[in-house]
Amino acid sequence: MRKTIHFAAAAALLLGVAQIPTFAPNSAYAVEGSSPAAPSSGQQGGGSSTKKPDKKKDKSSELKQFYDNWHTAYALVYDKEDYSGGIAVLESMGYDNNPDVATLIGYASRKLGRYDDAKLWYDRALAADPEHAQTWSYYGMWHAEQGNIIKAKEYLAKVESICGTKCHEYIALRDVIDGTATY
């Protein structure tokens, strides 16, 4: 998680963004961290915005728009539980291959009971970043909800290998497997 935050901060400095907007909801649903990694040009895809900016100012503006849309979608999903609205914002961003975007679409899809869609988005997120702890955690919850506790425990072990037993992603999945929490 720290690597993601540092990468986003470094990207913002390189692109000349004075401040990355932050959003820290008090939601019990959110797995740690509300700011995604800055998108790379290779993560864009599937949405309507595919034009690459030519100037530094355009990159800065595009990054600001990315974060503004991200925070809007994040609030819709975690704070307002407007999963369909959050998915619509996320899909309109044009960064379907960003692991944070794909994971949040997967989460919202799962909350809507669209398990096949959630699986597709979790798989897409892991293809973009095989070490994305939040995706493994949510995917483990997906398996637990499907009644596959053995697979959920395998994913818990994967989360542990990525961030240990004290990270929020591990604790959240462990609690879902133990039946002491829902996410």
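Keep in mind that the model is predicted.

Let's begin with the largest nonpolar core, which has 44 residues. Within this core, L90, V101, L104 and Y107 touch the most other members. Who supplies the residues? Helices α2, α3, α4 (99–111), α5 (115–128), α6, α7 and α8 (168–178) each put in at least two. The top contributor is α2, which gives nine residues.

Now zoom in on helix α6, which covers residues 133–145. Twelve of its 13 residues are buried, so the helix is largely enclosed by the rest of the structure. Those buried residues are A133, Q134, T135, W136, S137, Y138, Y139, G140, M141, W142, H143 and A144. After α6 comes G147, whose phi is positive, near 90°.

Pick out S137 in this helix. Its relative accessibility is 0%, and because buried means under 20%, S137 counts as buried. What does S137 touch, once residues up to four places away in sequence are set aside? The answer is V159, E169, A172 and L173.

Next, look for aromatic rings. The structure holds eleven aromatic pairs. One of them is made by Y139 and Y155: the ring centres sit 5.3 Å apart and the planes are at 80°, so this pair is edge-to-face. Y139 belongs to α6 while Y155 belongs to helix α7 (residues 149–163), so the pair ties together parts that lie 16 residues apart in sequence. Both of these tyrosines, Y139 and Y155, are buried. Elsewhere on your tour of the rings, W70, Y74, Y78, Y83, Y107 and Y138 are linked by ring pairs into a cluster.

Finally, visit the loop between α2 (56–79) and α3 (83–92), where you'll find E81. What sets E81 apart? Its phi is positive, about 55°, although E81 is not a glycine. For background, most residues other than glycine have a negative phi. As for how open its position is, E81 has 38% relative accessibility and therefore counts as partly exposed.

Definitions and conventions. Residues are numbered from 1 along each chain as its sequence is written. This is a predicted model: local features need pLDDT of at least 70, side-chain atom pairs count only at pLDDT 80 or more; totals for chains, interfaces and linings use all residues. Side-chain values use heavy atoms; hydrogens and water are left out. Rings of Phe, Tyr and Trp (its six-membered ring) pair if their centres lie within 6.5 Å; planes under 30 degrees apart count as stacked, over 60 as edge-to-face and the rest as tilted. Helices (H or I, at least four residues) and strands (E, at least two) are DSSP runs, numbered from the N terminus. Buried means under 20% relative accessible area, exposed over 50%, partly exposed in between (1.4 Å probe, protein chains only). Contact means heavy atoms within 4.5 Å. A nonpolar core is a set of buried Ala, Val, Leu, Ile, Met, Phe, Trp, Tyr and Cys residues joined through side-chain atoms within 4.5 Å.
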